[in-house]
Amino acid sequence: MKGFAGFPAGKQPSVPLPELFFTELLPEMDQLGELKLTLHVFWLLVRWEGKKGGRPCVSYEELTADRRLLDGLASPGLSPEEALRDALERGVARGTLLRVTQAGSQASVGGSDWYFANTEKGRQAVDDLLAGKWTPGEPGKPLLLQAHRPNIFVLYEQNIGPLAPLLAEQLQEAEKDYPASWIEDAFKEAAELNKRSWRYVQRILERWATEGRDATARRGDERERRRSIVGEYADYIEH
């Protein structure tokens, strides 16, 4: 093992990481390649932000050309490129990274993938990219893009637990019936309310389909407003 001489004195460039990385992501990561890749991508994104004309994503081609990264991902039985693809798939499936692919390309071979951190800034950049507001490629060159989201089985295991075989068919049917963004948001809402069951997620999706997401959100806002009013005047009500 190569020794480390320690960080030199004086101010050093730093790479900020969200606290949730340490409290939620790190305890769940059980594969070293995924951890190394995730940290490396955050570092690259910070470097890009500091450059003129920097962009909020890194390309597959840039990652495959990064010898420092590939050497660090070396794994028995896998080539450096295979180890990189495995780490990328894990990062996308977990939801740490967002991937945008040029339609009609084979990302793992052709290198037409772009990777973003799943942060507010990264999500906004993906939305703007898909809306045609900017392009990471050559200016003026049209791109047909699609965003890759975790599939419903990954979302279930991440938010609820191990997948029971009897539920697989129900999940597949839901994936056909509802948009991917709805499914992802429904799992998120259930987790935030600590209602970690597929039946609860299913009820959220059914309500959105019946009432519309905007109407449901407005109803929730109204309930919250009423609870706030009751809380403010609780003392008066009691007396």
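**View 1. Ala191 in helix H10 of the predicted model****.** In this predicted model, Ala191 is a residue of helix H10, and its relative accessible area of 17% places Ala191 under the 20% limit, so that Ala191 counts as buried. When neighbours within four places in sequence are set aside, Ala191 is in contact with Asn159 and Arg196. Gln158 and Ala191 are separated by 33 residues in sequence, while their C-alpha atoms are 9.8 Å apart in space.

**View 2. The contact of helix H8 with helix H10****.** Helix H8, residues 152–159, and helix H10, residues 180–192, have axes that come within 10 Å and cross at roughly 5°; angles under 35 degrees count as roughly parallel, and H8 and H10 are therefore described as roughly parallel to each other. On the H8 side the contact is made by Ile152, Leu155, Tyr156 and Asn159, and on the H10 side by Ile183, Glu184, Phe187 and Ala191. By residue class, this contact of H8 with H10 comprises 6 nonpolar residues, 1 polar and 1 charged.

**View 3. The largest nonpolar core, with Leu37 as one of its members****.** This core holds 19 residues, of which Leu37, Val58, Leu63, Leu84, Leu88 and Tyr115 touch the most other members. At least two residues of the core are supplied by each of helix H2 (32–49), helix H3 (60–64), helix H4 (67–72), helix H5 (80–94) and strand E3 (113–117). Not counting residues up to four places away in sequence, Leu37 touches Leu69, Leu73, Leu84, Ala87, Leu88 and Leu97. Another core, of 16 residues, lies apart from the largest one, and its members include Leu155, Ala174, Ala190 and Val201.

**View 4. The aromatic pair of Phe21 and Phe42****.** The structure holds 6 aromatic pairs. In the pair of Phe21 and Phe42 the ring centres are 6.5 Å apart and the ring planes stand at 70°, so the pair is edge-to-face. Because Phe21 lies in helix H1 (residues 19–28) and Phe42 in helix H2, the pair ties together parts that are 21 residues apart in sequence.

**View 5. The aromatic pair of Phe116 and Trp134****.** The rings of Phe116 and Trp134 have centres 6.4 Å apart and planes at 80°, so this pair is likewise edge-to-face. Phe116 belongs to strand E3, whereas Trp134 belongs to the loop between helix H7 (120–130) and strand E4 (145–148), and the pair thus links distant parts of the chain, 18 residues apart. Phe116 is buried, with a relative accessible area of 0%, whereas Trp134, at 22% relative accessibility, counts as partly exposed.

Note on methods
Residues are numbered from 1 along each chain as its sequence is written. This is a predicted model: local features need pLDDT of at least 70, side-chain atom pairs count only at pLDDT 80 or more; totals for chains, interfaces and linings use all residues. Side-chain values use heavy atoms; hydrogens and water are left out. Axes are lines fitted to C-alpha atoms, for helices over the stretch in contact, and angles run from 0 to 180 degrees between N-to-C directions. Helices (H or I, at least four residues) and strands (E, at least two) are DSSP runs, numbered from the N terminus. Angles under 35 degrees count as roughly parallel, over 145 as roughly antiparallel, 65 to 115 as roughly perpendicular and the rest as oblique. Contact means heavy atoms within 4.5 Å. Ala, Val, Leu, Ile, Met, Phe, Trp, Tyr, Cys and Pro count as nonpolar, Asp, Glu, Lys and Arg as charged, and the others, Gly among them, as polar. A nonpolar core is a set of buried Ala, Val, Leu, Ile, Met, Phe, Trp, Tyr and Cys residues joined through side-chain atoms within 4.5 Å. Buried means under 20% relative accessible area, exposed over 50%, partly exposed in between (1.4 Å probe, protein chains only). Rings of Phe, Tyr and Trp (its six-membered ring) pair if their centres lie within 6.5 Å; planes under 30 degrees apart count as stacked, over 60 as edge-to-face and the rest as tilted.
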